[in-house]
Structure formats: C-alpha cells, structure tokens
Amino acid sequence: MTLLPFVALALLGVPLFVVLGAAALVATRDAQLDSALLMVEFARLAASPNLVAIPLFVLAGATMGHGGAGRRLVRFFNALLGWMPAGIAWVAAASCMLFTAFSGASGVTILALGGLLYPMLKDEGYPERFALGLISSGGSMGLLLPPSLAVLLYGVVAQVDIGDLFVAGLLPTLLLFVMVGSYAVRRGARGAPRHRFRWRELAAAARAGWADLLLPIGVVAGLAAGLLTVAELAACSALYALVLETVVHRTIRAKELAWVGYEAATLVGSIFVILGLSLGLTNLLVDAQVPMRLLDWVVEQVHSPLAFLLWMNAVLLVVGCMMDIFSAIVIVTPLLLPLATHFGIHPLHLGIVVLANLEIGYLTPPVGINLYLASQRFKQPVLTVFRATLPFLLLLLVWLLLLTYVPALSLWNQGMHGAAAQLPL
Amino acid sequence: ADAYVLKFATLAPAGSTWMKAFDAWGKELARASQGRLVVKFYPGGIAGDEPDMLKKIRFGQLQGAALAGHGIGEIFPPARILEAPFLFRDHAEIDAVRARVLPAIEKGFRDNQYELLAWMEVGNVHFFSTRPLANLDELARRRIWQWQGDRFIAAFFDANGWAAVALPITEVYPALATGLVDTVVSTPLASIALQWSGKTPYMSTRAMATGIGAVVVSRKFFGGLPADLQALLKRTGGPLSQRLIADTRRDDSKALALLARRTQPMTAFQQVDLAAQAARARKTVEALEAARYLSAELDRQVDTALADHRRGAD
Amino acid sequence: MPRLLGALRQLERALTRLELGVALLAFAAMLALSLADIVGRNLLHATVPAGDVVLRHLVLWVALPGAALAAAAGRHLHLDPANLAAWPRWRRLSAIPVNLVAAVVCTFLARAAWAFWLDEWRHPSGQAWLAWLSLILPAAFALLTLHFLLRAVLARDVKTP
Ligand code: NA
Ligand code: NA
C-alpha cells in the first residue's frame, strides 16, 4: 500500500477521518482481512470507562464557555497573577499539567480548559500563536503525574511498581514546568502588560468568579481525595456547569441548551470517528507485527546502551506519530523490556523515557491527537496549530534528551528501596 | 508448500507461566511440521479482551486463542459447570471428573465451530480487595469487578446481592488504581501476572473454585489443514494440557504462599457457612440450567462422576 | 430543479434535527445514569442493571450522531495547508469530488459496520438486548454517507464556510 494517494486526499481537504477510513479499508483488503474488523475496534470506544469522561467534560466546557465563564476567570487571574512576569502563562502551564494527569491524558485538557485559558492568554496580549502552542502542548505535559492512566498502563505492561514510577516522574515534570515557564517569560510575555496588584479588585473578581473556579478545583480535589472516578467527576462537572449557567448566572436560557448540546456533540463526534478508525489501523499494524519489526531492525544496528537509547527515542517518536499512546504502550513496551535489560537500563528510567516519548507523540502528525483537538477547539487549521506548537515540541525534545542521558532525574529516589517491587515469579 | 499460519491470542503476558508453555508448544509445532505450521503469538491482551479475540476469530484475523472461563462461556457455556463455586474439594476430584466429561465438552466446542486442543486451568479463585472485610454483608456495598458479558459470574453475584461493576479485563488494573473497582475475584497467579495484587492488600484465604481455561482453534482453520497437521495439533494438545495444568498448579500455589505473606486475610471469609454457600451455588446452577446457559445433562454427568470418584476415594 | 434542491435541503434539515435529538437524549441519559450510579452506589447500595455498560455505549450515541451533524456542518477535522478554503471558486469546484470521495468511503465503512452488527446480533456477549446498542454504528455510517451525498449537491450554494 502506498501512502501517496492518502496524503494527497488529506492535503486537498478531504476530512481526516475519511482519509483514515480509506487507508484502513485499503490496508484491510491488502492484508486479506474482513473490513468488519475495523468496526470491532471502533466499538471498543464503548469499552473504556475513562472515555465516558470526554463527552461529559466537553459538555461541561461548552456550557461554561457559552455562559461566559472565560471572562470571569480572566478577570480573577488578572487580579491574582497579573503582576508577575508571564504570570498567566505559568498558571496556564500548571493547570494544564495537573488537569492532564487527572483526566487520564486523553486530550480532555484542551477541551475542558482550552475554552477558558485561550481567551485569557489572548486577552492578556500574548501572541495568538504562543497561546495556541502553550495550550495544545500543555494538554499532554502532565502525563507523568499521578494518577495518569498512561503511567498506570505502563506499570501494568512493564510490571514496574506504579508508586515508584510516579515518584520517578515528579522531577522530570517539575523540570518541564520550569522550562516551559522560562520560555514563556522570555518569549511569550513580551507584549503582555504587567499590572499593579490590588486587593480590592481581587476580592471583586473572586466574588464574580468563585463558582467557576470551584469547577476545576472540585475536579482536582475530587480525584485527589479518590471520592469519585474520572467519569463520575465529568458527569458532576457537566451537571454543575448546567446548573450554574442556567439557574445561578442565568446566562443560558433553556432554549439555548440545544445549541450547547449541538456544539458539544459535533466536537465529540469529529474526534471520536478519528479515534475509532485509528484503533482499527492500529489493529492492522499489530496484526502485521509492524511495530515488532521496526524494533527488530533496531536490534541489528545497535551495540551500546547509549546508541540503544538514541535508537529507542527515534523509533518511539515514529511510533508516537503513528499510534495513540495507549496502544503504543501496550504494543511496544513488552518488546523494549528485554532489550533494555540487555543494555542494563533501569526499568523506571526506561518507563519515564518511553512515556516522555509518547507524550511528544501527542503533538506530531499524523496521529498527534492534540493537534486535531486544538484545531477543532480553536477553529484553526491543523498546520497552524502545528506551527504554533513547534517551539514547545523543540522544548520537549530537549527535555527528552535530558531525561534520556541523565538517569538521575528519574532515579533520584532509588537506592532507598532498590528493586523490592520485583516478584520472584 | 506454503506454511500454515496460526495467529494465536491470549491475555497471558509475555514471560508468564502460560506464555512459556505456549512458546515451547509453538516451537514444537514448527519443528515437528518442518516449518509448515507456524504459530504467531499475540500475548498480553494486545488483541483485546476475550470476546474481542473471539470476534477476530470469527472474522478470520485470528485462528486460535487461549481462553479463561469467560471466553469458554462464549463458545460452550455448559463447560463452566467445572468452575461452579464449592463443587470440588481438591484437584484430584477435578482431574477425575474432567477425564469423564472431556469428550462431551470437546463435542460441545466442535458443534460451536471450535476445536478444543488443550484443557487448562488459571488457578484457584480467591477474593482480592483494597479494603478489609469484617462480614460478608459488606460485600453488597463493595465495587466488585465482574467480567463484562460474563453471565455465569453475574448469576452468582446476583444470587448474593452484590452490585458488580462490569468491565473488560483490560480495564481492571486502572479501575483498581482509580477506585472504580475495589474488589476482584481472581487467582493468585493471575493477580500477580496482571499486577492487580499490588493494589489489593487483602485476600480471602479459602479458594472458591478452580478457574478453567482452554486452548482452541477455529473449526474453519482446523478443517483447512492437511490431515497430518491436524493430527499434529491434536497430538501436541495432550502434553500441552498436562504441562499447562501442572505448571499452573505449581506456580499458583507458590503465588498463594507469596501473597499470604504480603496480604492480610479477608477474615469474613473464614467464618463462611460452607454448607449454606454450597446450597446457594447449587440453586444458581439450577437457575442457569433453566436459562439454558448450563446443560442439565452435563451437570448430571459431572455429579455422577464426582460421586463415583468420592466412593472410590473414601 | 430548484424544487428538488429545496426538497434535499429539507431532508438535510430533518436529518440534522433527528441526529441532534438523539445526541441530546444520549447526553441527558449519560447524565441521568451517572447521577443514578453515584447516588445508588454510595447511598442506596443498589445500581441500575447493566447501567455501566449502557453508559459506556452512550458515548457512541453522542459521538456518532455528532459526527453526522459535523458532516452536515462541514465541521470535520481536515487539513488545508494551502488555505484553499479562502478561495470561493475552489470551494465550489471541490465540493462535489471531496464530498463524493467521503460518501464512497463512508459507504464501505457502513457496510463493514453492518457486517459487524450482524455478528453482534448472532453472537451476543452477555445480555442479548445489548446488541441493539451497537446498531448506532451502521446507522451512523449510513447517515454520514447520506450527508456527504447531500453536501455534494448542496454545498455549491452555501454562503458561509
Ligand atoms: Na480519560
Ligand atoms: Na500519537
């Protein structure tokens, strides 16, 4: 199968899910398989309890957005942090990271927070491209923080202690936060005004926006306390947003609710058809053992741990482009583990590097889902989003190199309780 | 001649007790057939949950799979009588009864488009929980995982009034980590292989049943093989079954001993009235017979074989 | 001819109203089931039978009608590196081939979804009635086909992008 006709279709403006579908149909026929298998995979969208959270968070976001929560929050954060250099950029980065971890790194961040943070950054005079890039890339940056599903999944597949893995991810995440924040101070904040801090304005802004602020805080607190699951919190968020905007603020009339639902449903629909069909494509890759062969090839070329890590990064970046993170973890990790053991690489270090690689895969075409989520959410062409995220992509690559060649960043906590997690079976 | 490729899926992760046996079996098949029969493995659930594997077999992407009770229930539900709670007292009873009813089960698989190559076990079934259990009534307030679509387990949970959380097995680990599920029914060996045991510091020490498993290929694939390769598959099935059962029992009891040291017992299970539980299980079996899920005829065969064995053993 | 176009436009409007109705009902059902589950589990220690499985399937009942709505509104994710959409002549010229390609692909996907659904129907996993929930797959891909066909005809005289 040649990729050229599909690339041409995509460049001519044929919907991406149609291009993915066409590619999947042709690949299915080439592999002499039944096309119904694509739908077996598509139907697995109804298998994950965490996926339930996406439509509900989208609904919550659409409701808040329609009800003017963005304006109220901009005012509040202005009052709180406007005096700092690049203050709102720091807040945007931190909240994106936290939210990504809590929402299972499924792209929910861009949908749930994008509608709030994007206008904030723009109203503050940040370059549009910077704002777009920060939020699009921020949607994957908290991948290593608890209770990220990606980390959980890696721990299951690699049989590494999840707690250790989360501890190993803390310093790398902090490092990335500082890198992004510093970039914001240097690059993004040039046009942003700096304000004097005023208590009175802060109090007034808080009075107007406290109910809006309660939503993200409630989500974070609810998950941290372990009271509700991600999907349950998403349902609560949606109900809360609906009650807030129709009953408390009365910014949305009953008749407008259909419009809010329409916005949310089209957004969810355009994402899920792509997700569903890429599951089908992933199944074809697994069936043809493509990811396995890619790695076989690497083994032939590689003779030292350093070279192995370099090759691994290269291969994982390619895999990250072609697959969603959850399939990639499930498929690639079991193949990497024996190699890593062979080269004497600590399983925790390996885990952090693998996850960091796949995190970058959120931002790389053609299957960099965050590019498309942001494109859809902010009504910008995908290539514009890609250009906007490029500086952040470069930052992430530098970060990845640091994680790869400075194992201490991931293993600083080791030595206290060595490899006690391994069971003798 | 072209090689016949058997694409074979299992939930067992690479490096587990089960995958080691399958790998050896695959090598043996390739060797004995001089490369005419090649097995491609898709381990660790990369082909999806067991119902997904069976769909992929029906649509021709896969030709075979190693299944636990849930998957077996999607092919030939009556075979699940062998994992009814509190039916058998020890492995010897299981072995004696299985020997008697296996021909009927093989026929059941064949009538439903599958060739049964090897019978296996997944270990002894225990409760694992993130929390202690003071009395059995508390279970009604727990979030117990139930394998999505598993009518057999659902019937037993219903009979006990437990509100289960239905999930594909691939979703259980994150569900345990996020609190969507707090209690699972599993075997020590599977609990360790799937890493669930790290999340469940409490375990019931008394086994309820022994989980069943089967190595199957589709009739379509089997029927398309030349006679000598069919014979080869059937011939290697016996030794594979023996190895799988022996290895599983050995590693499962090792796993139980290990977990007994690392977990607290769920004390409520130690005060269970066994006779009452067995009676309730019997009632559930009868309900499943009435619903045509289990076969009354096969169940009588099991009862007879068990009674014969107990007479001989006592 | 104008009368035919008018009828087609009405058909499109009726379809989108139906799809929006389904998506809104599915949203409402998701919220209701979630709430019932939270309250039921934590306070009453009882749950809606099969409620969790239905809830997960409702994701498809929101997303797939949503995808059909997105097709009618031209809101599906697409690339436009050369910014061709800014050129009205290109929009008019490309409407027919682009939407026809999409309609053909969706036809094949609908056929695949139908084959999948027949298998679900014949080999149900768990309760048999759950198979009805996956009927949305073939239905939605058929609707997508219809929408792209309608767009191929109607997109020529659309004023707003
Ligand atoms: Na999620
Ligand atoms: Na990706």
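Where in chain C does UniProt place the feature "transmembrane region"?

## Annotated segments of chain C

The model discussed here is predicted. An unreviewed UniProt entry places "transmembrane region" at residues 20-38, 58-77, 98-117 and 129-150 of chain C.

Two of these segments can be described in the model. Residues 20-38 of chain C are 100% helix and 0% strand.

Which residues make the contact? From α13(A) come A258(A), G261(A), Y262(A), A264(A) and A265(A). From α1(C) come L20(C), A23(C), L24(C) and F27(C). Eight of the contact residues are nonpolar, one is polar and none is charged.

## The sheet of chain B

Chain B holds an open sheet of five strands. Their order is β2-β1-β3-β10-β4, and the pairing is mixed. The edges are β2 (37-42) and β4 (114-124) of chain B, each of which pairs on one side only. From one strand to the next, the twist averages 20 degrees.

How do β4(B) and β10(B) pair? The sense is antiparallel, over nine bridges, with β10 of chain B spanning residues 210-218. One bridge joins Y114(B) to its partner S218(B) in β10(B). Helix α4 of chain B, residues 91-111, lies across both β4 and β10 of chain B. This helix runs at about 150 degrees to β4(B).

## The interface between chains B and A

How many residues of chain B are in contact with chain A? There are 33, and they meet 31 residues of chain A. The area buried between the two chains is about 2,800 Å². Carbon and sulfur atoms give 63% of that area.

On the chain B side, I46(B), F59(B) and Q61(B) lose the most area to chain A. Together these residues account for 21% of what that side buries.

Conventions
Residues numbered from 1 in each chain as written. Chains lettered and ligands numbered in written order. Predicted model: local features only at pLDDT ≥ 70, side-chain atom pairs only at ≥ 80, totals over all residues. Heavy atoms only, no water. Contact = heavy atoms within 4.5 Å. Helix = DSSP H or I, 4+ residues; strand = E, 2+ residues; numbered from the N terminus. Nonpolar A, V, L, I, M, F, W, Y, C, P; charged D, E, K, R; others polar. UniProt positions renumbered as here; feature names shortened; annotations may be inferred. Pairing = 2+ DSSP bridges. Axes fitted to C-alpha atoms, helices over the stretch in contact; angles between N-to-C directions. Buried area = accessible area lost by both parts, 1.4 Å probe.
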